[in-house]
Amino acid sequence: PTTSTASNAADSGIVSQSSSCLNIGPNAPTGVTTTCGVTYPTTGVTPTTASTYLSCMTQCVQSAFCEAFTWTGTSCYQFPTVPTSSTASGSADSGIFFRSPTCQGIYASALAGVTTACGASYGTGSSINTTTTPTYAACLRQCIQSPICRAFTYTKTFCYQFSSVPTPSTPSASADSGIVFHPATCQAVSTSSPAGVTTQCQTSYSTASGTQSSASSYSDCLSRCVDQSTCVAFTYNTGGCYLFTSVSGSPTA
């Protein structure tokens, strides 16, 4: 879109799509190392669909158990541990996501929207879900992926999720906890925008030139744009997500 209008009911954004691993590299999120022109062994690994390297990388970062990935142009192969071998490839790019397993390690490079509570427990009585989980980081990721999880406690074996933040917490030598603030709104996303994303809150592009898609939130609409290699801008308004293949200029306030 070439113009936008001020709107109290809509938020927009621009996504600088890049399918190139080389372009993503300098702006990769904390903990991600790009390995361009390389493929990990994909035999036996079921891929997901990803139209860009950025989309594949985002899938790995958002997964509870992904530590490495290979993108082949249309498919994204995710690995729970970094493969011990790799080969040069003219049609694939890969990456490694170093996931700190401890609460103290996560605290040192905490994700936006996450508050760690190391050495504390929210108990287990009011939990809405309990899973066997190998690390604090994996427990945190499970809470991030759940739209109803707001807090969690990890007891070195089990991950307890809560739909609201229990109060108070109690000191514990055998548990670590955390709070997750889900960034659904444009204002929340703007404080921790992914690489290549420019948020434009309270603006709207003309929806007539966009392709409509359903979305539950601004962040969901943003993700849909990131996942489509032809999408360079979007507008979200109360359940409607409009994706655009071209944009020139900046939206007006």
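The structure is a predicted model, in which local features need pLDDT of at least 70, side-chain atom pairs count only at pLDDT 80 or more, and totals for chains, interfaces and linings use all residues. Residues are numbered from 1 along each chain as its sequence is written, and side-chain values use heavy atoms, with hydrogens and water left out.

The chain contains 6 helices and 21 strands; helices (H or I, at least four residues) and strands (E, at least two) are DSSP runs, numbered from the N terminus. Of its 253 residues, 42% are buried, meaning under 20% relative accessible area with a 1.4 Å probe, protein chains only. Among contacts (heavy atoms within 4.5 Å) between residues at least 6 apart in sequence, 67% join residues at least 24 apart.

An open sheet is formed by 5 strands in the order β10-β16-β13-β14-β12, with antiparallel pairing; two strands pair if DSSP finds at least two bridges between them. Because β10 (114-117) and β12 (129-132) stand at the edges with a single partner strand each, one side of each is left without a neighbour in the sheet. Neighbouring strands of this sheet are turned by 20° against each other on average, direction ignored. Axes here are lines fitted to C-alpha atoms, for helices over the stretch in contact, and angles run from 0 to 180 degrees between N-to-C directions.

Asparagine 129 has glutamine 161 in β14 as its bridge partner. Helix α4 (residues 136-145) lies across β10, β12, β13 (151-154), β14 and β16 (176-180), and runs at about 155° to β13.

Definitions and conventions: Buried means under 20% relative accessible area, exposed over 50%, partly exposed in between (1.4 Å probe, protein chains only).
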